[in-house]
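Subject: Handover of a two-chain model

Dear colleague,

Please find the structure below, which I am passing on to you together with my notes. I would be glad if you read the notes with the model open beside them.

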Amino acid sequence: MHVFTIDRGPHKGKHIHVTLYQKTEDGLKIKITHNVPTAAGKQIQWVQTVSSNNSFARDCKMMTRVDPFGIGGPVNTVSIPAVPGLCKADDLLPFYWTVADLAAGRGPGLSDEPSISPPAKGRLWTNFVTALTEVTGKTVHHLVAISWGYDRMADGSVRENALYRATMVEMRAHGHALKTMYPDYKYT
Amino acid sequence: MKAPLFGVPLLLALAAGVLPSQTDSAASLSVRIVPSGFTATGTRSIVLVDPMQHFYVVVTNTGKTTTRLWRESCSWGYANLSFEIQDQDGTTLRVVKKPRTWEKNVPDWMVIPPGDHLVLEVAFDAATWQSPPMPRPGQQKLVSLRAVYESGDTPEASTGHVWSGRVVSPLNSYTIFR
């Protein structure tokens with residue numbers, strides 16, 4: 001389907017592969033694999049940020065957030081020291097898969113199935129930047145990043161975005177969210 | 001599981017000999033409401049005076065084999081618990097969770113060995129529940145309540161071998177304090 005190649009560094013020529021990108025009744029479904037080997041002393045981790053005009057963006061006062069970050073009982077349970085308040089994440093690390101997720105067998109690919117109820121009027125837009133990174137200590141080095149997402153319209157329909165390599169503007173917002181929420185890490 | 005989940009309220013409920021649950025379409029699970037406590041006359045009480053307070057619903061694997069249940073932290077399990085309230089005239093009202101936005105959302109189940117439990121916390125907070133049966137602040141309300149645990153036969157459930165079906169707790173009277 002969609003292959004995005006790493007264009008520089010020691011993993012040049014390796015890639016991520018979006019094997020599923022499909023509308024659902026109320027959102028979108030995505031699955032991504034990669035073929036990047038893990039070097040000694042390093043980890044390969046997914047990092048995902050989400051930008052939206054939904055209630056989480058308003059409640060958290062952050063248009064772009066490291067995913068997940070929002071309000072809601074069993075889902076968003078962990079307070080982030082750098083961003084106190086009602087909004088919570090699912091652990092204290094900037095990575096998509098938590099330690100518990102990985103222990104449960106998640107990875108090495110990424111899957112997600114975001115959804116949202118239709119708005120009373122207009123549209124709710126949700127846009128993700130998903131990056132494969134190589135982590136050395138506290139340095140998170142981005143290898144390749146893509147942009148994807150969808151709109152939920154007032155008539156209930158779902159409009160999926162095109163899949164493309166994340167732009168500079170999107171990467172700036174992505175990096176800003178990471179630095180704001182998890183300042184102990186360095187992002188390159 | 002967090003330690004308090006198996007504390008005094010659950011022991012009290014078990015000691016009180018709550019009636020066996022009804023089972024609709026699956027014989028290997030049961031569900032029951034564990035109240036906050038019991039009054040001197042034995043009435044079940046649910047105390048939700050402080051926003052941090054909650055009561056529990058316990059889903060038990062009564063079968064002989066391990067089963068899988070969706071966690072509440074994914075869309076497949078989030079709304080599986082609901083309640084039915086019966087009015088004095090017999091009218092049944094459903095209390096369900098409000099729809100929520102999902103960003104990170106992956107199928108996530110919990111393995112429940114035979115005899116073990118999935119314990120769900122319920123606070124009947126207005127942010128989570130549609131039309132919860134809450135009295136006005138400082139007041140109390142007597143309700144006939146039962147819990148419904150229902151999990152759909154979705155493609156993800158089939159792929160992950162996650163339990164699907166519907167089980168219902170006994171209909172009992174509870175005094176809700178707010």
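A word on conventions comes before the findings. The model is a predicted one, in which local features need pLDDT of at least 70 and side-chain atom pairs count only at pLDDT 80 or more, while totals for chains, interfaces and linings use all residues. Residues are numbered from 1 along each chain as its sequence is written, and chains are lettered from A and ligands numbered from 1 in the order in which they are written.

I begin with the place where the two chains meet. There, 20 residues of chain A are in contact with 12 residues of chain B, two residues being in contact if their C-beta atoms, placed from the backbone, lie within 7 Å. On the chain A side, α1 (55-59) and β6 (110-112) each supply at least two of the touching residues; helices (H or I, at least four residues) and strands (E, at least two) are DSSP runs, numbered from the N terminus. The residues of chain A that touch chain B divide into 8 nonpolar, 9 polar and 3 charged, where Ala, Val, Leu, Ile, Met, Phe, Trp, Tyr, Cys and Pro count as nonpolar, Asp, Glu, Lys and Arg as charged, and the others, Gly among them, as polar.

Strand β6 of chain A also belongs to an open sheet of 4 strands, with the order β1-β2-β3-β6 and antiparallel pairing; two strands pair if DSSP finds at least two bridges between them. In this sheet β1 (2-5) and β6 of chain A are the edge strands, each pairing on one side only. From one strand to the next the twist averages 15°, with axes taken as lines fitted to C-alpha atoms, for helices over the stretch in contact, and angles running from 0 to 180 degrees between N-to-C directions. Strand β3 (residues 28-34) of chain A is joined to β6(A) by 3 bridges, and the two run antiparallel; the bridge partner of A:I32 in β6(A) is A:L110.

Turning to helix α3 (residues 168-181) of chain A, its 14 residues should span 20 Å at 1.5 Å a residue, and its end C-alpha atoms are 20 Å apart, which agrees; the expected span is 1.5 Å times one less than the number of residues. Within α3(A), A:E170, A:H174, A:A177, A:L178 and A:M181 are buried, a residue being buried if 20 or more other C-beta atoms lie within 10 Å of its own, exposed if 12 or fewer, and partly exposed in between, with C-beta atoms placed from the backbone. Seen down the axis of α3(A), these buried residues fall within an arc of 100°, so they line one face of the helix; the arc is that of the directions from the helix axis to the C-beta atoms. The buried residues pack against β4 (43-52), β5 (64-66), β7 (123-136), β8 (139-153) and β11 (186-187) of chain A, whereas the face of α3(A) turned away from them carries the exposed residues A:M168, A:V169 and A:R172.

A:F95 sits in the loop between β5 and α2 (99-103) of chain A, and A:F95 counts as buried because it has 21 C-beta neighbours inside 10 Å. Not counting residues up to four places away in sequence, A:F95 touches A:Q45, A:W46 and A:V47, and its C-alpha atom is separated by 9.7 Å from that of A:L178, 83 residues apart along the chain. A:H141, in strand β8 of chain A, has 15 C-beta neighbours inside 10 Å and therefore counts as partly exposed. Leaving aside neighbours within four places in sequence, A:H141 is in contact with A:T133, A:E134 and A:T188.

Chain B has 3 helices and 13 strands, and of its 178 residues 31% count as buried. An open sheet of 3 strands in chain B has the order β2-β5-β10, with antiparallel pairing, and its edge strands are β2 (29-34) and β10 (117-122). Strand β2(B) is joined by 6 bridges to β5 (residues 55-61) of chain B, with B:V31 standing opposite B:V59.
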